[in-house]
Number of protein chains: 2
Amino acid sequence: MPEPPRSRWRGEFQRWFDWVLEVGGFYDYGRYPVKGVGVWLPYGFRLRRLVTSLIRDVLDSAGHEEVLLPIFIPETLLRKESEHIKGFESEVFWVTRAGVNELDVRLALRPTSETAISYMESFWIKSYKQLPKKYYQIVSMFRYETKATRPMIRLREVTTFKEAHTVHESFEDADATVAEAIELYKKIFDSLGIPYLVSRRPEWDKFAGAVYTVAFDTIMPDGRTLQIGTVHHLGQNFTIPFEVRIQRRDETIDYAWQTSYGISDRIIAATIALHGDDRGACLPPIVAPVQVVIVPIPSGGTIPDELKKTAEKLEEELKAAGLRVHTDWRLDVRPGRKYYEWEARGVPVRVELGAREAREGVLTVARRDKLEKLRIPLDTAVDEIKKLLDDIMNTLRQRAWSWLRSMTHRSTSVEEARSIVSKRMGVVEVPWCGREECGHRLEELLDAKILGTPLDEDASWVDGEKCMACGAKAVTVLRAAKTY
Amino acid sequence: MPEPPRSRWRGEFQRWFDWVLEVGGFYDYGRYPVKGVGVWLPYGFRLRRLVTSLIRDVLDSAGHEEVLLPIFIPETLLRKESEHIKGFESEVFWVTRAGVNELDVRLALRPTSETAISYMESFWIKSYKQLPKKYYQIVSMFRYETKATRPMIRLREVTTFKEAHTVHESFEDADATVAEAIELYKKIFDSLGIPYLVSRRPEWDKFAGAVYTVAFDTIMPDGRTLQIGTVHHLGQNFTIPFEVRIQRRDETIDYAWQTSYGISDRIIAATIALHGDDRGACLPPIVAPVQVVIVPIPSGGTIPDELKKTAEKLEEELKAAGLRVHTDWRLDVRPGRKYYEWEARGVPVRVELGAREAREGVLTVARRDKLEKLRIPLDTAVDEIKKLLDDIMNTLRQRAWSWLRSMTHRSTSVEEARSIVSKRMGVVEVPWCGREECGHRLEELLDAKILGTPLDEDASWVDGEKCMACGAKAVTVLRAAKTY
């Protein structure tokens with residue numbers, strides 16, 4: 001097993017993340033002979049299953065229906081909405097040949113599915129009575145990224161793209177669905193303890209084809225922000241070219257209104273990166289493939305019968321309580337080595353069970369988040385461990401939020417703001433007049449990317465402040481950061 | 001809703017199947033502007049979820065680990081095993097462009113993943129101590145089919161391709177895994193009540209790159225066979241070119257041995273097709289997205305309070321018993337119409353609940369398989385309905401097996417055999433000397449495709465018979481049929 005880098009912070013984060021993906025058995029990256037694609041390994045795949053199942057539960061219970069659309073989008077379809085194709089043209093993978101034939105119409109591998117689903121919705125949806133409609137799918141999505149690719153973060157095949165597509169009767173209904181989607185995404189990220197900033201993206205950085213875009217960003221351990229979710233109001237931008245017409249309540253015919261919202265592999269990258277430490281991952285119990293690992297301590301090269309029975313009984317009881325448990329029976333690996341491995345893989349609770357513990361009826365339990373050991377009575381172990389898992393979840397969440405808050409700064413001075421972004425990293429919030437040219441100017445002045453205007457906090461502190469670019473009256477806050 | 005075709009049998013099966021996919025809300029086919037691809041609709045997707053989850057349970061509990069490999073296979077990789085590329089070359093989709101660039105190396109969309117995983121296994125696997133290894137993934141797979149495409153049955157994007165890939169220490173271990181895979185597949189098909197013939201495919205029709213191939217075929221309602229699963233012994237055919245080397249017990253280094261086995265969307269096609277009737281689908285309870293539909297019968301345009309309470313309580317109790325239940329509260333659709341819809345969608349049990357039933361405490365229950373109505377007491381309804389679902393499952397399974405048996409014929413006369421295949425359809429079994437040239441000759445004589453030799457039945461009936469092609473002593477049975 002490779003040695004960990006000295007620290008996951010700052011310049012070392014990339015190395016730390018590559019290391020944790022390997023040592024944790026999550027993801028094999030950089031060996032497959034195609035740039036920007038990776039392999040989900042068995043343990044990583046189990047994490048992915050639990051994350052996607054959490055996403056499905058949230059969406060299903062809010063009335064979304066899962067579907068599966070083709071991967072191929074014919075060029076003719078992709079070109080129907082002109083802003084959309086402009087935004088994606090430079091990063092589309094094209095299938096041009098099949099067998100020995102040249103295809104008449106080139107097929108794009110879906111960079112996103114607004115065009116495909118709008119085409120189908122023109123058949124499916126005829127009346128306001130069918131609305132709202134909320135579809136989603138979890139699929140591979142393709143972008144020919146020309147920037148440096150990174151495992152789970154910037155890929156050419158994004159294997160876990162959850163894209164929701166909704167249809168509505170009016171602009172306002174679509175607006176309300178954007179608000180609902182934001183709440184659902186908060187619920188999903190909160191479940192995983194991932195902290196976020198919610199910003200309305202500037203006009204020049206909205207989704208290609210959207211009326212407006214709201215984005216969730218988190219702050220990675222190196223201080224760069226990572227976009228982890230987006231929600232788009234699509235207006236009638238796709239329903240007009242694709243002729244998704246509905247009969248309205250007043251019996252007139254109009255084009256329908258749409259939204260779309262997406263989450264990708266990055267939610268798993270953030271889950272691993274944000275809660276980890278120098279020993280490896282620390283997975284939130286809600287999605288940890290193994291929540292409790294039991295390590296029976298052999299004596300004299302074997303595991304005594306009594307100990308064996310105690311360990312089996314404990315595993316059984318924990319499983320009966322609905323927990324994901326694994327007992328590490330290996331005899332050719334020393335306990336210390338096992339601790340090291342399971343810590344790297346992020347298992348939240350480890351139970352060390354020796355002959356003495358079995359005899360005395362007291363367990364030694366190590367919590368991964370605080371690297372602390374506790375002793376708990378065997379006969380209340382199930383309840384204590386359940387409580388411990390809850391406590392770990394809360395600790396991870398609070399710690400990650402403290403981190404995000406500590407990395408979000410306000411400034412009214414260009415010099416200070418620029419220095420924050422370049423030295424301390426994280427997000428800087430500055431006063432802004434709201435004009436696009438000042439936004440672009442600030443991008444240069446701060447040498448940072450503009451995330452947009454906050455939707456999750458009061459901007460009244462800029463009252464009386466001046467736009468940092470032009471000196472005119474500030475009307476809102478602009479967030480900027482070094483981004484992934 | 002379109003009218004059903006007169007019958008699902010024979011010449012009408014194709015029309016019936018298209019109709020049931022549409023009217024049941026399973027799958028949208030033929031409208032998306034790319035040939036050979038379809039859209040899983042919400043109800044169909046729920047069926048697909050339940051089927052894939054059944055497959056996952058069987059594989060997981062037999063020690064398989066789920067992974068996810070890239071969709072892209074570089075041409076260089078695909079060409080490493082020469083038989084393999086020969087077999088697939090004519091049906092590969094090629095990505096040749098990305099953004100505005102021509103790619104240096106063309107990327108195939110996976111037609112199957114032996115090459116991709118063998119490449120990775122050369123990094124992952126070093127010693128016999130790690131073996132056996134059993135991986136699988138459920139992914140989209142791509143074949144540029146030039147024959148007529150058909151929904152779920154012959155697609156260019158097969159969206160539900162479960163491919164397992166295993167690695168072993170010896171030829172014999174791989175052989176034993178083929179046998180295990182056959183048992184696992186039987187378990188999966190048996191769960192769904194899908195009957196099958198297990199045949200060893202002839203040499204000239206084995207998987208491209210296999211030592212030998214075993215296949216599962218079922219017989220569709222029109223009498224054509226449908227290949228629903230295959231299991232391949234791959235020998236060292238991939239481990240040699242991909243250099244998957246292992247240290248053996250005796251410390252020598254050797255190439256590892258492999259198997260692979262696959263199931264596709266066709267398992268869902270067979271589930272829908274085999275149990276259906278002129279009213280639509282009849283889904284096996286184990287995977288029916290709705291196992292019980294409750295239809296409260298309104299009186300005077302509303303549902304009386306007492307009836308409402310009874311229906312809600314029944315739904316709650318059935319759900320508490322772990323059943324998937326839906327209550328159809330719609331007031332703008334008449335009960336008769338509802339029955340028609342839920343029958344088409346294949347819901348196994350329908351509960352009709354009027355004011356009289358609620359008052360008398362007796363339910364009218366319709367079973368979809370036999371189209372019979374029963375009356376059961378409300379207070380034992382949960383138990384009765386659970387028993388009924390079991391009984392429906394058994395009925396479907398037995399009926400489908402009777403069908404398959406009735407469509408499998410033995411013959412020792414060319415004329416008769418040829419007439420069976422062309423008129424009565426189904427499978428014909430004939431005596432064979434085992435030589436390849438006679439196999440090809442029989443294909444012509446019978447105007448049928450050779451499925452291979454039976455692995456699931458005693459071939460001793462051909463003792464003393466003559467090869468139907470050459471007249472020499474028959475040593476085995478050859479199965480032939482019109483196939484999909």
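In which sense do β5(A) and strand β5 (residues 93–98) of chain B pair, and over how many bridges? They pair in the antiparallel sense over 5 bridges, where pairing requires that DSSP finds at least two bridges between two strands. Welcome to a predicted model, in which local features need pLDDT of at least 70, side-chain atom pairs count only at pLDDT 80 or more, and totals for chains, interfaces and linings use all residues. Residues are numbered from 1 along each chain as its sequence is written, while chains are lettered from A and ligands numbered from 1 in the order in which they are written.

**Where the chains meet**
- In chain A, 39 residues are in contact with 39 residues of chain B (C-beta atoms, placed from the backbone, within 7 Å).
- β5(A) gives the largest share of the side of chain A that touches chain B, with 6 residues; helices (H or I, at least four residues) and strands (E, at least two) are DSSP runs, numbered from the N terminus.

- Strands β21 (residues 427–432) and β23 (residues 476–481) of chain B pair in the antiparallel sense over 6 bridges, and Val427(B) stands opposite Ala481(B).

How values were computed:
Two residues are in contact if their C-beta atoms, placed from the backbone, lie within 7 Å.
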